[in-house]
Every structure is written in C-alpha cells, then in structure tokens.
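Here is a short walk through one protein chain. Keep the structure open beside the text as you read.

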Amino acid sequence: MSLFDVYPLFDVTPVTANDVYLYDDKGTQYLDLYGGHAVISIGHSHPVYVNALTSQLQKIGFYSNAVQNPIQTKLADRLEAVSGCKNYDLFMCSSGAEANENALKLASFHTNKATVIAFENSFHGRTSACVAATDNPKIVAPINAQQQVRFLPLGDLNLVEITLKSEPICAIIIECIQGVGGLDESITEFYKGLELLCQKYNTVLIADEVQSGFGRTGDFFAFQKHGITPHIISMAKGMGNGFPVGGILIHPSIKASYGLLGTTFGGNHLASTATLAVLDVLESENLMKNAKEMSAYFMEKAKSIPQLKQLKGRGLMLGLEFDFPVAALRKKLLFDHFLFTGSSKNPNLIRILPPLTIKKEHIDLFFKALAQKL
Ligand SMILES: Cc1ncc(COP(=O)(O)O)c(C=O)c1O
C-alpha cells in the first residue's frame, strides 16, 4: 500500500532526537529551528517528559471521558496557574483543528448565530468550520465552503464593526500573530477594539493560540501582550511537545451542559501527562524567559544580514523576509548545513520556530550558515 501522496517530503529520515537536535538514519546531526512546525516546545525527548510518559504508560495509558481522570483535573489547575488565565474551564481534544472546530461550534451554540469573521491570511486548520475560516481557497472543499465566513483585513476595526452591524456574527477568530500566513501582527488598539466590539454585538472572541501559545512568544499566550480577555483560547502544538494534544480554555460566561462537546481521545491519561510534563519543564527551566532572551539575541544577530528585508514576529516565533523566494536557500541550509527551518504562505519568508530551549550557540550557527549561503 502506498501513502496518500499529499506531503512534498525532504529526503531526510530522523530516527532519534535530543533537545534541539535530530539525528538521521546515517547518524547526521541536524539543528531543529523548525520544531516540527512549532510543536517541540521543551526540546526533543526531554527526560522529564520521557519519564512521565513512560511511567504513566506502565500504569494506564487511556480510558475515555466516561470516568474520573484526576490527571486531567490536575492539568486544568496547573494550566490556570502557569498561564495566568483565571477561572476559565478546560476542554481537551487532540489537535489544533479540533480545538478551533470546538471553539467555533461552542461560539455558535452560545450565541445561536452562524457567521464567522476571520482575517486575511489566516490559518485555523483543515476541518469543516476552521478550514472555511482559513484564507486559502485551495484547501477549502465544496463541503466546507457552505460555512459562512467573512474575511477582513487584519487591523481594520472599522470594517469589523460594519460587518458586525450588518449581519449576525457568532465569532471572531484571530491568530494574534499569524503563523502560516507569515508572522503579521496588528497593534494593541486593534485587539482591544475587537474585545469591545465582541461585547457590544454578543460575539465570541476566539484567540487561536495553537501555534503561538505555550510560551512560544515569551508570554504564555500571544494575546497577553495586548491585555485582552478572549472568550475562548485554542491550544495545541507546543502543548504536548509532540504528543497529539489540543484544547480550548472557555470563559465562565459560556456554560457547559452534558453532551454539548465530546471526544474519545481528548485529555486521556497519556495526553494529560504529556501536557503536565511540558508545564513542569516550562516552569522549572524558565523557558519563557529564555524565549524572550534568545529572541532579543536573534534580532541583534539579524542586523548583520544586509540582504534581510524585514524581521517579523516575536519570541521564538520569527520570520526572516527577503526580497526573493527562499525555497532554494532553505534547501541549502538543510542539505549543506544540516539546519531545519520553516516556510510560510509568503514565499520570501523563512520561519524560525525552534524548541524553547535553544541557546546562543545555536543561533550563532544559523547566522554563520545563512551568511555563507546568501
Ligand atoms: C494557528 C493555527 N491554528 C490551527 C492549526 C491547525 O492545527 P493542527 O494541524 O494540529 O490541526 C495550525 C497548524 O499549523 C495553526 O498554525
């Protein structure tokens, strides 16, 4: 049987990994500045994570959400403490798309409305409502296109209000820093304005933190820089450091009832254990502080690259924009210098999404290689 051929693959076969490094089947070491698409938060195969998952697996790996799961309850408490998001409820699932799908569904249940506002260049996942809220017609099938979504330019508060006035909107979904779209972010006034407009028009504000959450920007969530309080916060990627975990945090103004949401795998014993281990290491190793410090170092080093048009993003969610397509350059970095980097919808932009454990010496390696290849 063949694999359904949807991924253009690099000819590299990682077989082991440790912290910021991957090792292939020939023993070659690669520096991971991509984190498997912003997933590796606390570093590959972190011993705390490996030990926690191994010992949990020896006790019980899975049971469904039909029984008490104290690990999930403990996780909710720890998440509240580490994120600083007080009084939210936690609902767990297994991926970013699923988190946003549940967020949008909940917004629709809560407001009894159906249309969504999303922003140009957004990416929210590939399932029904969230792919419809993703600004990429190539991945929206006719079955998804039935959803009602209005795409507005990022930053245009006036157009948001005109749209809210003209039709019933259940949710505004936004990535505070766009990931796949290419690291664009608006100003605090815009995010605060969205919060106020959502209150005025009984609309749910959804912060998609699937990529930017769990410390990646140096804050626990990217929206926190703007001092807003979203109704729903969606999470995945760094949450499980590779274990498929997703979830939403739900503001107390949105009430639960039995059967409203549900999933077989979400929040199971292994998934909750993986996320608890991530939180432990984020705290014990001060990784959000490290993200901020390494980000500042990266930005300083970037000044030595005259060909750089713009440096975008914050924390360890960064983009280097050039005035030429970067696909060939990324290939050279990978095959000549053994450096993994990320791409985006913007063909001229290299994305940098390393484990939050990265050190100055790794950033030095990257800039040395980049200078040689430019
Ligand atoms: C901001 C954002 N939301 C949602 C998703 C979808 O997550 P998943 O691929 O886990 O379904 C992604 C994935 O890249 C993302 O970057």
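The paragraphs below go from domains to core, then to a sheet, and end at a single residue.

Start with the overall layout. This is a predicted model. The chain splits into two domains: domain 1 covers 47-284, and domain 2 covers 286-373. Their C-alpha centres are 26 Å apart. Domain 1 puts 16 residues into the contact, and domain 2 puts in 17 residues.

Now look at the core. The largest nonpolar core holds 99 residues. Which of them touch the most other members? They are Val116, Ala171, Ile172, Ile206, Ile232 and Val278. Helix 8 (residues 269-284) supplies the largest share of this core, with nine residues. The core also reaches into both domains: domain 1 (47-284) and domain 2 (286-373) each give at least three residues.

Set aside residues up to four places away in sequence. Ala171 then touches Leu104, Ala107, Val116, Thr203, Val204 and Ile206.

Turn next to a sheet. It is open and has four strands, in the order 1-2-3-13. The pairing is mixed. Strands of a sheet pair through backbone hydrogen bonds, either parallel or antiparallel. Which strands sit at the edges? Strand 1 (14-18) and strand 13 (339-340) do, and each pairs on one side only. Further in, strand 2 (residues 21-24) and strand 3 (residues 29-32) run antiparallel. Three bridges join them.

Finish at Asn290. This residue lies in helix 9, which spans residues 287-302. Is Asn290 buried or exposed? Count the C-beta atoms: 20 others lie within 10 Å. The cut-off for a buried residue is 20 or more, so Asn290 counts as buried. What does Asn290 contact beyond its neighbours within four places in sequence? The partners are Leu356 and Thr357. Asn290 and Arg330 are 40 residues apart along the chain, and 25 Å separates their C-alpha atoms.

Technical notes
Residues numbered from 1 in each chain as written. Predicted model: local features only at pLDDT ≥ 70, side-chain atom pairs only at ≥ 80, totals over all residues. Helix = DSSP H or I, 4+ residues; strand = E, 2+ residues; numbered from the N terminus. Buried ≥ 20, exposed ≤ 12 C-beta atoms within 10 Å, placed from the backbone. Contact = placed C-beta atoms within 7 Å. Domains from an automatic or database assignment. Core = buried A, V, L, I, M, F, W, Y, C linked by C-beta atoms within 7 Å. Pairing = 2+ DSSP bridges.
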